[in-house]
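Hi,

Here is the structure I said I would pass on.

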Amino acid sequence: IKMSKKSTSIDMTPMCDVAFLLLTFFILTATAKMPEPLPVDTPSSTVQTKLPESGLVTITVGKRNGKEQVFFGMKDRAIRSGALDYMSQLYKVPFTDKEKQEFELMEEFGVPVSDLKRILAMKGADRVKEGQQSGVPVDSIGDNNQLKDWVMAVRKANIETGATKELQFAIKGDAKEEYPQIKRIM
């Protein structure tokens, strides 16, 4: 006697439900990468340690249109706010509460303090466009070394927030950047 073959059917509905739930979970929990005002091609690294999520200050060095530019970034909002207050007093540039709130949202910037109000008035997408930010002034010979002042400002703001750990600084340089420029920043 020959048995008739019946095709087996598997209900795929539960599997599709699980797949879409996982997809939705990953999309909703992912954080979008903020666009960088100065994209740099970093050299390959052999270091296994990762940068911390908080308590980190990043100095980005690169060239745009043949001109060296330096950008300054801070991870912690409280430190950003305190550093802006310090720089406001030092350079006698008053900032409104709205401008301070807008500055707290910026992770990285590259303009002189006198030009910071113009950048804060822009939309986030316009800030990162090429040519909008000229870089933080770094003049090791003259008296216009605002990078040094920003470093001091974030250190003071870190102390004022009552942090138990010192800030960590990371220099992010372009792979094509020459060593003397990085040395000058250090």
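Below is what I found, starting with the whole chain and then going on to some local spots.

A word on the ground rules. This is a predicted model, where local features need pLDDT of at least 70, side-chain atom pairs count only at pLDDT 80 or more, and totals for chains, interfaces and linings use all residues. Residues are numbered from 1 along each chain as its sequence is written, and side-chain values use heavy atoms, with hydrogens and water left out.

**The chain as a whole**

There are seven helices and four strands, taken as DSSP runs (H or I of at least four residues for helices, E of at least two for strands) and numbered from the N terminus. Read from the N terminus, their order is α-β-β-α-α-β-α-α-α-β-α. Of the chain's 186 residues, 35% are buried, with buried meaning under 20% relative accessible area, exposed over 50% and partly exposed in between (1.4 Å probe, protein chains only). The accessible surface is about 13,000 Å², and carbon and sulfur atoms hold 56% of that; the areas come from the Shrake-Rupley method with a 1.4 Å probe. As for contacts (heavy atoms within 4.5 Å), 61% of those with a separation of 6 or more are between residues 24 or more positions apart.

**H2 against H3**

Helix H2 (residues 77–91) and helix H3 (residues 97–105) have axes that come within 9 Å and cross at roughly 135°. The axes are lines fitted to C-alpha atoms over the stretch in contact, and angles run from 0 to 180 degrees between N-to-C directions. H2 and H3 are therefore oblique to each other, since under 35 degrees is roughly parallel, over 145 roughly antiparallel, 65 to 115 roughly perpendicular and the rest oblique. On the H2 side, the contact is made by Arg77, Arg80, Ser81, Leu84 and Asp85, and on the H3 side by Lys100, Phe103, Glu104 and Leu105. Those residues split into three nonpolar, one polar and five charged (Ala, Val, Leu, Ile, Met, Phe, Trp, Tyr, Cys and Pro are nonpolar, Asp, Glu, Lys and Arg charged, and the others, Gly among them, polar).

**Two loop residues**

Lys92 sits in the loop between H2 and H3. Its phi is positive, about 55°, although Lys92 is not a glycine. Lys92 counts as exposed, at 70% relative accessibility.

Ala175 is in the loop between strand E4 (168–173) and helix H7 (179–185). Ala175 is partly exposed, at 40% relative accessible area. Its C-alpha atom is 8.8 Å from that of Gly62, 113 residues away along the chain.

Cheers
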